[in-house]
Amino acid sequence: LKYRFSMMLVGLSLALFILGVFALYVHLAQTKQEKMAFAGLIVTVGFLVLFLPLTGFAAFVVPAIGALVEQGHVEAFAVMDATFKEPFLPIQFFAGILWNIGNIFLGIAIWRSGTLWKWGGLLFLIYGVIGIPAFLDVKAFQIVSSMVGGLAQIAVGVSLWHFSHSSG
């Protein structure tokens with residue numbers, strides 16, 4: 001139950017992150033960094049949309065197969081084997097790595113925009129860089145990536161909120 005709930009939260013957080021990236025782009029499109037922000041939007045959203053189905057699979061199918069195996073239905077392993085063969089997994093695997101490049105683009109756009117907090121852009125950039133080894137299962141990076149990503153999103157969100165309330 002805890003595993004399934006945590007995987008559902010991952011999927012929800014990524015879906016909300018996609019909405020936040022659109023909001024960030026709307027702001028950055030009004031600056032000289034529109035092209036970099038657009039690249040960040042396309043790469044981040046494009047690859048996250050390809051990655052998201054894997055979180056649903058992890059949340060629902062993996063626990064169900066585990067329950068079947070516990071009941072003695074070892075043939076359920078064949079479902080897992082079939083799922084992790086081409087063409088299914090490579091798409092999500094590369095998408096899980098490559099969406100972090102979008103975070104790097106967004107970090108650069110935030111930094112250069114001159115309208116949002118530069119350190120929020122720096123955090124986004126770092127989040128993108130360390131997100132790649134984190135996805136490749138390097139435990140230390142997984143812990144740090146989550147913290148840096150959360151801080152980056154909070155910083156940029158507060159910065160956007162501050163900007164919208166000070167200019168309106």
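Me: In which helix does Gly-107 lie?

Reply: Gly-107 lies in helix α4, which covers residues 88-113. This is a predicted model, in which local features need pLDDT of at least 70 and side-chain atom pairs count only at pLDDT 80 or more, while totals for chains, interfaces and linings use all residues. Residues are numbered from 1 along each chain as its sequence is written, and side-chain values use heavy atoms, with hydrogens and water left out.

Me: What makes a stretch count as a helix or a strand, and how many of each does the protein have?

Reply: Helices are DSSP runs of H or I with at least four residues, strands are runs of E with at least two, and both are numbered from the N terminus. The protein has six helices and zero strands. Along the sequence the pattern reads α-α-α-α-α-α.

Me: Why is Gly-107 called buried?

Reply: Buried means under 20% relative accessible area, exposed means over 50%, and partly exposed is in between (1.4 Å probe, protein chains only). Gly-107 has 1% relative accessibility, so it counts as buried.

Me: Which residues does Gly-107 touch, not counting those up to four places away in sequence?

Reply: Gly-107 touches Gly-121, Phe-124 and Leu-125 on that count, where contact means heavy atoms within 4.5 Å. Gly-121 is 14 residues from Gly-107 along the chain, and their C-alpha atoms are separated by 4.1 Å.

Me: How do you know that Asn-103 is buried?

Reply: Asn-103 also lies in helix α4. Its relative accessible area is 0%, and therefore it is buried. Leaving aside neighbours within four places in sequence, Asn-103 is in contact with Phe-17, Thr-44, Phe-124, Leu-125, Tyr-127 and Gly-128.

Me: Why is Leu-50 called partly exposed?

Reply: Leu-50, in helix α2, has a relative accessible area of 38%, so it falls in the partly exposed class. Leu-50 touches Ile-91, Gln-92 and Ala-95, not counting residues up to four places away in sequence.

Me: Why are α1 and α2 called roughly antiparallel?

Reply: Helix α1 (residues 2-28) and helix α2 (residues 34-70) pack at an angle of about 165°, and their axes are 9 Å apart. Angles under 35 degrees count as roughly parallel, over 145 as roughly antiparallel, 65 to 115 as roughly perpendicular and the rest as oblique. The angle is over 145, so α1 is roughly antiparallel to α2. Axes are lines fitted to C-alpha atoms, for helices over the stretch in contact, and angles run from 0 to 180 degrees between N-to-C directions.

Me: Which classes of residue make up the contact of α1 with α2?

Reply: That contact has 25 nonpolar, three polar and two charged residues. Ala, Val, Leu, Ile, Met, Phe, Trp, Tyr, Cys and Pro count as nonpolar, Asp, Glu, Lys and Arg as charged, and the others, Gly among them, as polar.

Me: Where does Asp-137 lie, and why does it count as partly exposed?

Reply: Asp-137 lies in the loop between α5 (118-135) and α6 (139-167). Its relative accessibility is 47%, so Asp-137 counts as partly exposed. Asp-137 has a positive phi of about 75°, although it is not a glycine. Most residues other than glycine have a negative phi.

Me: What share of the protein is buried?

Reply: Buried residues make up 37% of the 168 residues.
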